[in-house]
Amino acid sequence: MADIDLSAMDRVLTLELVRVTERAAVAAAMMRGRGDEKAADQAAVDAMRNELNRLSIRGRVVIGEGERDEAPMLFIGEEVGNGDGPEVDIALDPLEGTTICAKNLPNSLAVIAITHRNGLLNAPDVYMDKLAIGPGFPEDFIELDMPPAEIVRRIAKEKDVRAHELTACILDRPRHQKLIEAVRETGVAIRLIGDGDVAGIIHTTDPETTGIDFYIGSGGAPEGVLAAAALRCMGGQIWGRLTLDTDEKRSRAERMGISEPRKIYSKEDMASGDVLFAATGVTDGNLLQGVSFRRGVAMTHTIVTRSHTGTQRWVRAKHIVEDKFEFID
């Protein structure tokens, strides 16, 4: 297939992607704090799908809500767009952090990434061991299999700080108990998060704002691909390895084209080509403010960025909405 015209892709799709994540974020925000994860997620899915089908693309969902029999919309393999324009592959999470949204806690997002056909790792829904760091470091100066103490030593040396001045982000899960203990023994502070590791990894790209220097631990593989797409655009490094610890998982991975079960993937392995990434805050967070509502108005905060240029656009928008929070175009 011929390469996509990068300038055309940027100009046509950049602001359209903002529109996609804005709509999903507003729909989800209507359900935040109500304790109903499924309803919040479904609202975001419906809104994102409707907007995607307006885009002039021939899109294929590679990272989505699940397999066809698990998800009625935005399932893996679903085709979206109006049938015109470039062929693209899409990674998305209409509501990253469903529990966060249901409890109205920080850092829930609506996120999407688009690149050329076959440019995204077709990751099965399994765990992935991950290590991520922001921009400005030498390539591959740390490794996924290093002991936490060595990772911390190298990061501290490169940043010219002491270990106790660093903060790691780790998902608060029982499986991470030993990891948490090992990191704390180095003197590093830990920010434990209950959900939303895409946001956690993105936060490494701006530690002065977020307070997060690196991310470590295991989380969903699809989320790892989304995070890799974000880092392709925003800078930084990520390494991930699929956790294929049963015959069923290994077989599923093989069916999805995974031929090296122990491979450590870089961000380029997970998201290649010219990547566009957009995220809109659903709840208030370290980088993005959540949706706020006034009478007849919804206000959103979005970042949209592109790997080819590194340009980051921060978009604050005021949307006129009807009583049922349907947008007026």
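This note sets out numbered points on a predicted model, covering its domains, its pocket and cavity, and selected residues.

1. Basis of the values. The model is predicted, with local features requiring pLDDT of at least 70 and side-chain atom pairs counted only at pLDDT 80 or more, while totals for chains, interfaces and linings use all residues. Residues are numbered from 1 along each chain as its sequence is written, and side-chain values use heavy atoms, with hydrogens and water left out.

2. Domain division. The protein chain is split into domain 1 (11–118 + 275–320) and domain 2 (127–270); these bounds come from an automatic or database domain assignment. The C-alpha centres of the two domains are 23 Å apart. Across the interface, 25 residues of domain 1 are in contact with 20 residues of domain 2, where contact means heavy atoms within 4.5 Å.

3. The largest pocket. A pocket is taken, on a 1 Å grid over the protein atoms alone, as an open set of points with protein on both sides within 12 Å along at least five of seven lines; a cavity is a set of points where a 1.4 Å probe fits but cannot get out, and lining residues have an atom within 4 Å of a point. Grid points are joined across faces, edges and corners, and a volume is the space filled by probe spheres set on the points. On this basis the largest pocket holds about 740 Å³. Its lining comprises 34 residues, with D93, D125, G220, P222 and E223 nearest the centre.

4. Composition of the pocket lining. The lining of the largest pocket consists of 12 nonpolar, seven polar and 15 charged residues. In this classification Ala, Val, Leu, Ile, Met, Phe, Trp, Tyr, Cys and Pro are nonpolar, Asp, Glu, Lys and Arg are charged, and the others, Gly among them, are polar. At least two lining residues come from each of α2, β1, β3 (87–96), β8 (214–220) and α8 (221–234). The largest share, four residues, is supplied by β3. Helices (H or I, at least four residues) and strands (E, at least two) are DSSP runs, numbered from the N terminus. Domain 1 and domain 2 each give at least three residues to this lining.

5. Annotated positions. Which residues carry the UniProt feature "binding site"? The unreviewed UniProt entry places it at D41 and E65; UniProt positions are given in the numbering used here, feature names are shortened, and annotations may be inferred rather than shown by experiment. The two positions span 25 residues in sequence, yet no two of their C-alpha atoms are more than 9.6 Å apart, so they gather at one spot. Both D41 and E65 belong to the lining of the largest pocket.

6. D41 is part of helix α2 (residues 37–52) and is buried at 17% relative accessibility. The cut-offs are under 20% relative accessible area for buried, over 50% for exposed, and partly exposed in between (1.4 Å probe, protein chains only). Beyond its neighbours within four places in sequence, D41 contacts E65, L95 and T98. E65 sits in the loop between β1 (58–63) and β2 (79–80) and is partly exposed, with a relative accessible area of 25%.

7. The largest cavity has a volume of about 80 Å³. Of the 13 residues that line this cavity, L109, I202, H203, L287 and L288 lie nearest its centre. Nine of its lining residues are nonpolar, four are polar and none is charged. Both domains contribute to the lining of the largest cavity, so it lies between them.

8. Positive phi values. Most residues other than glycine have a negative phi. L74, in the loop between β1 and β2, has a positive phi near 60 degrees and is buried at 0% relative accessible area. D160 also has a positive phi, about 60 degrees; this residue is in the loop between α4 (148–159) and β6 and is exposed at 70%.

9. T167 lies in strand β6 (residues 167–171) and is buried, with a relative accessible area of 17%. Apart from neighbours within four places in sequence, its contacts include V188, I190, G211 and F214. G194 is in the loop between β7 (189–193) and α6 (197–202) and is exposed at 52%. The C-alpha atoms of G194 and L105 are 9.5 Å apart, although 89 residues separate them along the chain.
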